[in-house]
Amino acid sequence: MGRSGVSDELERGRESYSSSAWTTAYESLSRADETAPLRPGDLELLATSAYMLGREDEWMRLLERACQAYSEAGEARRAVRCAFWIGTQLALRGKMGPAAGWLGRAQRLLEREEGECVEQGYMLMPVVFQHEAEGDWEGASATAAAAAEIGERFADPDLFALAVHVQGDVLVRYGRVRQGLRLLDEAMVTVTTEALSPIVTGIVYCGVILACEEVYELRRAREWTAALTRWCERQPDLLAFTGRCLVHRAQLMCLQGAWPDALEEAERASRRFDEAVNQAAAAKACYLQGEVQRLRGEFGQAEEAYRHASRLGLEPQPGWALLRLAQGNAAAADAAIRRALGETTDRPRRAGLLPAAVEILLANGEVSDARHACQELERIAAEYESEMLRAMHAHVRGAVELAAGDAAGALKSLREAAQVWQELEAPYEAARARMLVGQACRALGDEDAFALELGAARSLFEELGATPDLASLDSLTEPVAAAHGLTARELEVLRLLATGKSNREIAAALVISEHTVARHVQNIFTKLGVSSRTAAGAFAFEHDLV
């Protein structure tokens with residue numbers, strides 16, 4: 001390739017980089033580099049393009065070249081930045097020896113420079129993480145604040161956003177939730193209004209969303225996940241960060257009741273992480289798949305997904321314990337959840353285990369232990385001031401009160417839970433709360449309210465495909481003929497089908513979707529061993545079900 005060709009490739013690569021066309025940028029800059037070694041600035045562009053395509057190892061190799069080239073050219077401060085990113089990435093991978101070496105090189109280069117510079121702020125970030133590792137969260141917060149001040153003073157939005165995000169995350173996790181969330185919001189405003197580098201943009205997006213999820217800040221998580229999704233979609237060939245985005249989306253979809261979509265997103269995320277060799281994130285994607293499958297009654301598939309998550313290093317709790325409970329093995333469920341709680345000290349993580357613990361303990365008749373778990377969740381909810389935690393606590397408090405015989409107290413708690421779940425657009429949790437509301441109404445002698453609440457819960461469970469919960473609901477109502485094994489709703493569908501009504505007419509009569517009717521019809525065919533509507537109708541007449 002001649003000089004003109006090299007120049008064309010270089011210019012094409014730079015332009016593609018500016019427009020976030022990562023594949024074209026990578027290919028053009030690589031071809032230019034093969035012909036004549038790139039200058040360090042262009043090596044950084046090539047390195048970033050490689051990172052955005054999920055090629056992290058190549059990104060570090062290219063940064064090593066850039067660091068060396070900057071050093072040889074006397075541009076020590078630029079070399080410091082390259083060494084900083086290499087050391088940070090190695091530390092995140094757990095390779096502490098090489099990480100310390102690269103960060104030490106960065107510090108030594110910086111010490112040779114005279115006067116203040118923004119790179120001094122970058123080199124405070126490893127100090128933040130060291131303070132945090134030692135349990136000194138005040139030192140970590142103060143150091144991150146100092147780095148943010150340097151970023152602001154030198155008008156470096158990358159450093160400012162990174163430091164403010166890390167400070168907010170530290171404060172949130174150590175109990176100063178409101179203050180921490182304000183800083184996380186500030187970091188996100190910087191991301192959405194300033195021209196940050198691509199890698200820092202992705203890091204802050206994912207870090208802030210993860211922090212919000214860990215303290216059950218559902219509304220913020222939704223808002224920032226939507227923003228991250230838009231950012232990813234503007235870069236069609238982006239691989240970095242897209243897996244994390246898919247996991248965030250899958251979690252929210254699961255909560256919002258879009259289970260098929262959640263399963264699809266989790267599966268896509270798992271494939272993306274396999275490509276990017278991100279084992280921890282792949283484990284989270286597997287766990288989410290197991291959660292959806294468990295809720296739909298696909299227990300064998302759920303168990304395999306949980307096992308896969310475990311092989312990848314993730315403790316599959318509380319899903320595994322709840323799966324054992326759903327399979328009828330209450331003793332195994334009890335042992336699993338008690339063991340998980342026994343080795344978990346992180347308060348938000350315990351908050352995620354406690355509702356499952358209450359459900360399992362009540363199933364085993366351990367009302368006193370369930371009440372203690374409920375009280376602990378109350379303390380955590382008060383500390384973190386999250387609407388989602390408020391709903392979780394009201395829900396389990398109502399369940400404990402109902403089990404203890406206080407139906408009136410339970411009704412108040414469960415009504416609150418159902419309302420907050422509805423406001424949070426969490427239909428599955430709302431349906432479970434309403435089922436308990438119905439039981440409390442029955443305990444108070446109001447059978448009409450019991451029927452209304454269970455009817456509302458049934459409609460939600462059917463739309464979601466929550467087969468285990470439908471079975472639990474059926475056990476609360478009048479028994480259906482054991483000979484044919486149909487649920488109460490399937491019996492209703494069969495009766496209407498036998499009179500010649502279409503799926504659309506059945507859906508209108510029962511106020512459910514045609515899709516739900518079609519699923520019921522298929523279940524009826526399977527249980528009755530028939531293959532047509534005519535045969536199903538004949539069965540209904542023969543067995544006096546109409």
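## Contacts and overall fold

A contact here means that heavy atoms lie within 4.5 Å, and of the contacts in the protein with a separation of 6 or more, 57% are accounted for by residues 24 or more positions apart. The model is predicted, with local features needing pLDDT of at least 70 and side-chain atom pairs counting only at pLDDT 80 or more, while totals for chains, interfaces and linings use all residues. Residues are numbered from 1 along each chain as its sequence is written, and side-chain values use heavy atoms, with hydrogens and water left out.

The protein has 30 helices and zero strands, both taken as DSSP runs numbered from the N terminus (helices H or I, at least four residues; strands E, at least two). Its C-alpha trace spans about 90 × 55 × 35 Å along the principal axes.

## Burial and charge

Of the 546 residues in the protein, 53% are buried, that is, under 20% relative accessible area with a 1.4 Å probe and protein chains only.

The side chains include 59 positive and 81 negative ones, and the centres of the two sets lie 1 Å apart; Lys and Arg count as positive and Asp and Glu as negative, with His and the chain ends not counted, and each charge is placed at NZ of Lys, CZ of Arg, CG of Asp or CD of Glu.

## Helix α29

Helix α29, formed by residues 514-528, reaches 21 Å from its first C-alpha to its last, close to the 21 Å expected at 1.5 Å a residue for its 15 residues, where the expected span is 1.5 Å times one less than the number of residues. Gly529, with a positive phi near 70°, follows α29.

The buried residues of α29 include Thr516, Val517, His520, Val521, Ile524, Phe525 and Leu528, and the buried residues of this helix pack against α25 (447-464), α27 (488-498), α28 (503-510) and α30 (533-542).

Methods: Buried means under 20% relative accessible area, exposed over 50%, partly exposed in between (1.4 Å probe, protein chains only).
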